[in-house]
Amino acid sequence: MVSDLRSAFRASVLLACVIICSSVLCPVGAYLYNNRYAGDQVFRITPSDAEEVQTLKRILGHMKVDLWQPNSATLIKQNATVDVHVKRNSTRGLHARLKLEHMDYRVFISNLQSEIEKQTGYRSSRRRRSESQYDYEVYHSLEEIQRWMFDVNRTHSDLVDMFSIGKSYEGRPLYVLQIGKRSRHQKKAVWIDCGVHAREWIGPAFCQWFVKEAVNSYQYDSVMRRLLNQLSFYIMPVLNVDGYHFSWTTDRFWRKTRSRNHKFHCRGTDANRNWKVKWCEEGASSHPCDDTYCGPFPESEPEVKAVAKFLRKHKKHVKAYISIHAYAQMLLYPYSYKYATIPNFSCVESAAQNAVTALYSAYGVRYRYGPASTTLYVSSGSSIDWAYRNGIPYTFAFELRDTGYFGFLLPESLINPTCTETMRAVKAIASGLLKKCETDKDRFPYI
Ligand SMILES: [Zn+2]
């Protein structure tokens, strides 16, 4: 009887393992994502003149490709690199076409499937039992991240609060951690969101790293102690929860949300084109199948709407808005939607300069910085423009490592250095909020 029960128990444990393995994609005895990226390649193409730009747009327009950089074919520019993920059965055709056109290109990743497997390694070996054992140097599933949020909230209840600001399209809670010493006075606050674009996995890894560093170094790091005593940090580790989950389980290169568009068969909206500032103009697409689709209307995505609502409510004390993206190694500030100088340019510019200098001091990694429109490209409906227009004087978007060698497949071995250096940059921005910067207050926030 006992042994019967035992074997029944063993069988059910085995079954549970099989179910867990198939849902979190353990690579044991099977390929990740059912081997769907085998033979796919990533090309880097640099059009050298206006004619080549047009040719490349035409070639890529006729193929079903996944653009990594820039995010849309309309944003292809002269002398700017284009990174494009091409399905296995289209690679030969593209090689031939580019050779025919005498275009400068190389294959960055010759077999995408093996790069994906190198990035994550064996997921089953992770430590994830409790907060003190949590492994910050691996990528985590959404479930693991949410469980970790509860753990860190429980373990560091003196410094951490946790709340939900709403629900995603698919009904997942949108959790935020508030970090800082509690105070009777309303403290200035910093908002940091990660995981706006699903495939940029280093983002959520950074948000988790930030929380870990904040709570662990409070005792011995006087800079961090001062920051946590005087400021509140709102950390949203994964903004686009549905998309992140989908990129984890099904399509590694998914970027958008998972909302439905009933008129079209394509799903999802770009959560960084859905904000109500010059919505769906330059640099955004009104076609639901595009990666930069702006959505059916501003704040159509429940995730964007929830953050916008929270920031509107707290805009009096939120002094900095930081959104973490990848990849390009850049620190961007407004405007994104137009070529113009922001009213408090000198303050924002020097904050950005301090941040990239601090980042460089860790490992000598260089970041470009400047207005998003001139440094990256013009895009409307972005969160930094929206937050700035709503009165938050310091708004930044980070594009973390690297510059395309691994692209969205930044290996887990680079989580530590990437987060360590980014931490210095974010601390520099936050420290700047504690000092006064003389800016033209009469003109701000009339922008
Ligand atoms: Zn992004």
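Modeller: E399 lies in strand β12 (residues 394–400); strands (E, at least two residues) and helices (H or I, at least four) are DSSP runs, numbered from the N terminus. This is a predicted model, in which local features need pLDDT of at least 70 and side-chain atom pairs count only at pLDDT 80 or more, while totals for chains, interfaces and linings use all residues. Residues are numbered from 1 along each chain as its sequence is written.

Biologist: What does UniProt list for E399?

Modeller: The unreviewed UniProt entry lists E399 under "active site"; such annotations may be inferred rather than shown by experiment.

Biologist: Is E399 buried or exposed?

Modeller: A residue is buried if 20 or more other C-beta atoms lie within 10 Å of its own, exposed if 12 or fewer, and partly exposed in between. E399 is buried because 23 other C-beta atoms lie within 10 Å. Across the chain of 447 residues, buried residues make up 45%.

Biologist: Which residues is E399 in contact with, leaving aside neighbours within four places in sequence?

Modeller: Contact requires C-beta atoms, placed from the backbone, within 7 Å. By that rule E399 is in contact with H325, A326, Y327, A328, Q329, M330 and L332, leaving aside its neighbours within four places in sequence. For the chain, 76% of contacts between residues at least 6 apart in sequence join residues at least 24 apart.

Biologist: How many helices and strands does the chain have?

Modeller: There are 13 helices and 12 strands.

Biologist: At what angle do α5 and α6 pack?

Modeller: Two packed helices are described by the angle between their axes and the distance between the axes. Axes are fitted to C-alpha atoms over the stretch in contact, with angles from 0 to 180 degrees between N-to-C directions. Helix α5 (residues 142–155) packs on helix α6 (residues 202–217) at about 15 degrees, with axes 12 Å apart. The two are therefore roughly parallel, the term for angles under 35 degrees. I145, W148 and V152 of α5 meet P204, Q208, V211 and V215 of α6.

Biologist: How do the axes of α6 and α13 cross?

Modeller: The axes of α6 and helix α13 (residues 415–433) cross at roughly 65 degrees and come within 9 Å. The contact joins I202, A205, F206, W209, F210 and E213 in α6 to I415, T418, C419, T422, M423 and V426 in α13.

How values were computed
Parallel < 35°, antiparallel > 145°, perpendicular 65-115°, else oblique. Contact = placed C-beta atoms within 7 Å.
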